[in-house]
Amino acid sequence: MRNIQGETHLSAGLFLGAMTGISFEGGMGDILISTLLGGVMAVLPDVDHPGSMTGRLIRPLSLYLEERWGHRDSPAHTAVFVFISSLTVAALWLLPGHLAGLSTMAPGIAALLGGTSHLVMDSVTRSGIKPWRYLPIPEKWRQKIYRGTLESGKSALERVLACAGLLGAFFISIFKLT
């Protein structure tokens, strides 16, 4: 499979963000902020590539990351980065969201889903990614979680990811988080 383009990552993040805002039964403001944050987080991991949407906006950081680690080998393409970035987005949104009377959870979840979609989409390319690389746990435990590159062709892992995605969609649609 060819490399995923920024527009594809952005589209997936916008879609997941919008669906998150809708599932929280929020108003238009909730849907818009969730859509925006889902889209931003979906393109943020590509900050390690100077030619990407994000890399062009934050060029000095992008050049440093690419020179130091290379595209997809930097910390930006890891589960730790996506989790910490999403927590940061959620924390920064708490006060303004509360003051504006908007959902305080939907944007954080939309950010997490947008960032995770980037990792999942990059995992189905030939080069794959190593999303568990910087987990703050001992190496021997990390290797028990998953050893190697997350890439297409590892069908057992793809089934697990597909099932996790379906379960997540099921719970969001059935229980409509509020």
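In which handedness of crossing does helix 5 pass helix 6? The crossing of helix 5 past helix 6 is right-handed, a label given when the near helix is turned clockwise from the far one by less than a right angle, with anticlockwise giving left-handed. The structure discussed here is a predicted model, in which local features need pLDDT of at least 70 and side-chain atom pairs count only at pLDDT 80 or more, while totals for chains, interfaces and linings use all residues. Residues are numbered from 1 along each chain as its sequence is written, and side-chain values use heavy atoms, with hydrogens and water left out.

The protein chain contains 8 helices and 0 strands, where helices (H or I, at least four residues) and strands (E, at least two) are DSSP runs numbered from the N terminus. Read from the N terminus on, the order of elements is α-α-α-α-α-α-α-α. The chain has 178 residues, and 39% of them count as buried. Here buried means under 20% relative accessible area, exposed means over 50%, and partly exposed lies in between (1.4 Å probe, protein chains only).

The helix pairs come next. Two packed helices are described by the angle between their axes and the distance between the axes. Helix 5 (residues 79–99) packs with helix 6 (residues 106–123) at an angle of about 160 degrees, and their axes are 8 Å apart. Helix 5 is therefore roughly antiparallel to helix 6. The axes are lines fitted to C-alpha atoms, for helices over the stretch in contact, and angles run from 0 to 180 degrees between N-to-C directions. Angles under 35 degrees count as roughly parallel, over 145 as roughly antiparallel, 65 to 115 as roughly perpendicular and the rest as oblique. Helix 5 also has helix 2 as a partner: their axes come within 11 Å and cross at roughly 150 degrees. This makes helix 2 roughly antiparallel to helix 5, and helix 2 passes helix 5 in a right-handed crossing.

The structure holds 1 salt bridge, that is, a side-chain nitrogen of Lys or Arg within 4 Å of a carboxyl oxygen of Asp or Glu. Its partners are Arg72 and Asp122, at 3.2 Å from N to O. The pair joins distant parts of the chain, with Arg72 in the loop between helix 4 and helix 5 and Asp122 in helix 6, 50 residues apart. Arg72 counts as buried because its relative accessibility is 6%, and Asp122 is buried with a relative accessible area of 1%. The backbone of Arg72 is worth a look too, as its phi is near 75 degrees, a positive value in a residue other than glycine. Most residues other than glycine have a negative phi.

Leu57, Ile58, Leu61 and Tyr64 form a nonpolar patch with about 420 Å² of accessible area together. Patches are made of residues with over 30% relative accessible area and no salt bridge, with like charges joined within 9 Å and nonpolar side chains (Val, Leu, Ile, Met, Phe, Trp, Tyr) within 5 Å. Accessible areas come from the Shrake-Rupley method with a 1.4 Å probe, and for residues only the protein chains shown count as cover. Leu57 belongs to helix 3 (residues 53–57) and is exposed, at 76% relative accessible area. Leu61 lies in helix 4 (residues 59–68) and counts as partly exposed, at 39% relative accessibility.
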